[in-house]
Amino acid sequence: MKVTLKGGEIREFENGISVADIAKEISMGLFRNACSCRINGEVRDLRTIVDNDCELEILTFDDEDGKRTFNHTASHIMAQAVKRLYPEVKLTIGPAIENGFYYDFDCGEKPFGPDDLAKLEAEMKKIVKEGLELEKFELSPNDAIALMREKDEPYKVELIHEHAEKGEPISFYKQGEFTELCAGPHLMSVSPVKAFKLTQTTGAYWRGDAKNKMLCRVYGTAFPKASMLEEYLTMLEEAKKRDHRKIGKELELFTIMEEGPGFPFFLPKGMILKNTLVDYWREIHREAGYDEIQSPMMLNRALWERSGHWDHYKENMYTTVIDDTDFAVKPMNCPGGILVYKTKMHSYKELPLRMGELGLVHRHELSGALHGLMRVRCFTQDDAHIFMTREQIKDEIKGVVSLIDKVYSTFGFEYHIELSTQPEDSMGAKEDWDIATDALRNAITELGYDYEVNEGDGAFYGPKLDFHLTDCLGRTWQCGTIQLDFQLPERFELEYIGSDGEKHRPIMIHRVVFGSIERFIGILTEHFAGAFPTWLAPVQVKMLPIADRHLDRIYEIKKRLEAAGIRVEVDDRSEKIGFKIRSAQLEKVPYMLIVGDKDIENNTVSVRSRKEGEKGAMSVESFIMDIVEEIETKAL
């Protein structure tokens, strides 16, 4: 049989060979580093037997899916350690997640604490030293249920019952005495999991439902080398220092109160930051030919049924009844944008029609998922909807990609792109999905971008491009998205008059750049550790008089700075200048202007930069020219 490897190389192998053996034949080094594989686009075990021509990619820890396989195996090692030390604990699920894994345990009335984690880590090290191989086997649903009942694992029995109707075999993985219900894939043995750390424990409801029992969730991370683990733990420590919740409180940007969990309060300085981002958004969208609209925050059930959200998204929507009619607070802006399009008949000469909206949307998130500004229940989505002809699709996608690139470059972010394809729970004909997916793929290919394919993760109405930006700690955040939609124009019977005088159906793009302004502020806060670029900083200049007799001069200069559009504060407290400088440093203000007797005598100010330290005496005019240029160019 012929096997096409990554890069296009074709090799011939005997039929019925395992992927592990293929890896060995290619290179023993590749075999030692292999975690799993991708066969014709599907992630599989290295144990998988190949008996037909196929495309094969061997995945290592450097590949995202290989890393997930590695961490998934680490979660099994942790579960085995739990059952050895605490046999009465019941197992639930233990998936790999970004940067690690977790496992939810039913520990009864006593959840695991720090001492337990230390014991578990020690036992995990023993298991890895044993070098246990993982063996995969399958049972019928009835036999699988019997096995899990015998092991007294009620949560596993519940999971098997859900799949029993299909009558398909149920897969398990066994390592030593430990047997786990699991679809895989997994490493060949536990030996490669040489470095790991159990990082924290939290509570988590079974199935994420507050009506169910509270479980104990243990998080961990794992690496092939100790040096990689050390590097990751150092990054975590730095991330703690940069936590936007901590910095947001210290810099008086925002707060979350018990009266509104998941509903952030923005304080005056936070509003300056937010409004500066909004002003920038408006500026770049005006330049790109967008018109701004605003749609209502609440619309009736009939609209959400027509859009498909009532059937596909209702559990995340807040609803109410007005005049005996069901209404929903909008979780998305798109149906409102569609209604704006429908206010009149459009001509092909008007297309593409680009409409932007800074819409406040509300989505119900479980309380356990809430996290500062990163996961909230209401946020401002910087939406835009583009209505266009089929011939305009590629150029419009290119235009949005260029806009997103411009924004992320302004903040110094690198990013990568994922193409997400048709999910199982989707609307519309497959032919339309294929056309839409090809349009997205061709547009970014022509622009010269690399991309990854995320199979089955598109929106229910269309495929999408997701933009994952990378911050200064190497963490990735999904922010921008471009979704191509043939379905909602059909559902809402959108039309335009073509050059032939006939009515035609437009195609629609949904897209965001920031994603959520609130979340983007959280990301920026951690990326810059609160030391925002001057153009974004809520306070750009702090003025520090050495003594009270210098205040008149200070306030005179303050007026000149404000007249130039610079945000200024005066620290007029009766404190020593060293104390005031330290306070301004803690507030991460970009510039301090210190005024004393010599400055008044020479008609200057003493400039101290957050970035460069002491810059010496300058005339006020020179300082204004420099900082205004820095602000206008949005220098980093």
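Trainee: What is the strand order in the open sheet of 3 strands, and is the pairing parallel or antiparallel?
Mentor: In this predicted model, the open sheet of 3 strands runs in the order 11-12-13, and its pairing is antiparallel. Strand 11 (135-139) and strand 13 (178-181) stand at the edges with a single partner strand each, so one side of each has no neighbour in the sheet. From one strand to the next, the twist averages 30°.

Trainee: How many bridges join strand 12 to strand 13?
Mentor: Strand 12, residues 170-175, is joined to strand 13 by 4 bridges, and the two run antiparallel. Within that pairing, Tyr 173 has Glu 180 of strand 13 as its bridge partner.

Trainee: Which helix packs on that sheet?
Mentor: Helix 3, residues 64-85, packs on the sheet and touches strand 12 and strand 13. The direction of helix 3 makes about 125° with that of strand 13.

Trainee: Moving to strand 7, how many of its 7 residues are buried?
Mentor: Strand 7 covers residues 54-60 and is mostly covered, with 6 of its 7 residues buried.

Trainee: Which sense does the pairing of strand 7 take with strand 1, and which with strand 4?
Mentor: Strand 1 (residues 2-5) pairs with strand 7 in the parallel sense over 3 bridges, whereas strand 4 (residues 34-39) pairs with strand 7 in the antiparallel sense over 5 bridges.

Trainee: Since cysteines have come up, how many disulfides does a search of the whole structure find?
Mentor: The search finds 0 disulfides. Cys 37 is in none, and the nearest cysteine sulfur, that of Cys 54, is 8.6 Å away. Cys 37 is also buried, with a relative accessible area of 0%.

Trainee: How many salt bridges does the count come to?
Mentor: The count comes to 52 salt bridges. One of them joins Asp 45 to Arg 47, with the closest N and O atoms 2.2 Å apart; both of these residues are buried. Another joins the side chains of Glu 9 and Arg 11 at 3.0 Å, N to O. There, Glu 9 is partly exposed at 40% relative accessibility, and Arg 11 is partly exposed at 27%.

Trainee: Which parts does the pair Glu 490 and Arg 505 tie together?
Mentor: The side chains of Glu 490 and Arg 505 meet in a salt bridge at 3.4 Å, N to O. Glu 490 lies in helix 15 (residues 487-491), and Arg 505 lies in the loop between strand 30 (503-504) and strand 31 (507-512), so the pair ties together parts that are 15 residues apart in sequence. Glu 490 is partly exposed, with a relative accessible area of 47%, and Arg 505 is partly exposed at 29%.

Trainee: Which residues do salt bridges that share partners join into one network?
Mentor: That network consists of Arg 84, Glu 123, Lys 126, Glu 130 and Glu 177.

How values were computed
Residues are numbered from 1 along each chain as its sequence is written. This is a predicted model: local features need pLDDT of at least 70, side-chain atom pairs count only at pLDDT 80 or more; totals for chains, interfaces and linings use all residues. Side-chain values use heavy atoms; hydrogens and water are left out. A disulfide is a pair of cysteine sulfur atoms within 2.5 Å. Buried means under 20% relative accessible area, exposed over 50%, partly exposed in between (1.4 Å probe, protein chains only). Two strands pair if DSSP finds at least two bridges between them. Axes are lines fitted to C-alpha atoms, for helices over the stretch in contact, and angles run from 0 to 180 degrees between N-to-C directions. Contact means heavy atoms within 4.5 Å. A salt bridge is a side-chain nitrogen of Lys or Arg within 4 Å of a carboxyl oxygen of Asp or Glu.
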